[in-house]
Amino acid sequence: MAETISFPIDASGRHRAEVVYERVGGGEPLVLLHGIGHHLQVWDPVVGILAAERDVIAVDLPGFGRSPALPDTVAHDLPGVIAVLRGFFEALGLDRPHVAGNSLGGLLALQLGHEKLVRSVTALSPGGFWTEAERRYAFAVLLALRHSARRLPEPVVARLARTAAGRAAMVSTVYARPGRRSPDAVIAETRALREATAFEATLAAGRDFLFTHDVPDLPVTVAWGTGDRILLRRQGVRAKRVIPGARLVRLPGCGHVPMSDDPALVARVILDTSR
């Protein structure tokens, strides 16, 4: 069941954030961070497996899913969202949780690791290891997906989602195995992409997202789907150069969002890192 928590994100207490999250399981805490335009339900295929060993906290990032956007005085850039996540950890009493993130969430997870706010990092196709041409390509694809989600009326989305061919047409850019997404999941994530209030602000800030520093002294895994059509898997090799101590893992047959393409494999990678 979703819960909402409000907390200050600066020393003065003038700026506050409100975050929606779901929590299940037991053991050491593990925070899950989704990518741009998604919502916490994207982790549903792996949550049950992870919850057998971990206290799993899946988060709607500010301005995505059911979490409202940040105040106008706080940017949706890397420092702004990291400040929110730091405040979120403090509000829930999480002392350096494990963290796993996908795409934007993977970049955030690595930054949390760099700042020693977490005890392990699993980054699935993280942003920030692109060339300028690769970034422009990825952002163009994301904008096209956003425009498509906003243009399609809800009844059309529901009709397309009821067939395997329709689901493939809608989400094959993101998933290598779109047939594994349920109609309800496709409808819900299309709505999340359409209604994401922080999408444009996050994408604009993302022009400056480039991860160039090491994440020493804690377990780090960078995993890339072989079928990623948004952030090409050669970016994983660059990530390994930047973070030489990281384990680089190949996810065969997985796309940019691998959690539903191969839930067992993704869960095993996350658990192995957090152990």
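So, leaving aside its neighbours within four places in sequence, which residues is Arg167 in contact with, counting contact as heavy atoms within 4.5 Å? The list is Leu160, Ala161, Arg162, Ser172, Pro178, Gly179, Arg181, Ser182, Pro183 and Val186.

Quick housekeeping. This is a predicted model, where local features need pLDDT of at least 70 and side-chain atom pairs count only at pLDDT 80 or more, while totals for chains, interfaces and linings use all residues. Residues are numbered from 1 along each chain as its sequence is written, and side-chain values use heavy atoms, with hydrogens and water left out.

Okay, back to Arg167. It sits in helix α6, residues 164-171; helices here are DSSP runs of H or I, at least four residues, strands are runs of E, at least two, and both are numbered from the N terminus. Arg167 is buried, meaning under 20% relative accessible area with a 1.4 Å probe, protein chains only. What Arg167 does have is the backbone oxygen of Arg181, 3.0 Å from a polar atom of its side chain.

Now the sheet. It's open, eight strands, ordered β1-β2-β4-β3-β5-β6-β7-β8, with mixed pairing; strands pair if DSSP finds at least two bridges between them. β1 (2-8) and β8 (247-251) are at the edges with a single partner strand each, so one side of each has no neighbour in the sheet. Further in, β6 (residues 120-124) and β7 (residues 220-225) run parallel, joined by four bridges. One of the residues to look at is Ala123, whose bridge partner in β7 is Val222.

Note on methods:
Buried means under 20% relative accessible area, exposed over 50%, partly exposed in between (1.4 Å probe, protein chains only). Lys and Arg count as positive and Asp and Glu as negative; His and the chain ends are not counted. A salt bridge is a side-chain nitrogen of Lys or Arg within 4 Å of a carboxyl oxygen of Asp or Glu. A polar contact is a pair of N or O atoms within 3.5 Å; within protein, one must be able to donate a hydrogen and the other to accept it, and residues adjacent in sequence count only if both atoms are side-chain atoms. Contact means heavy atoms within 4.5 Å.
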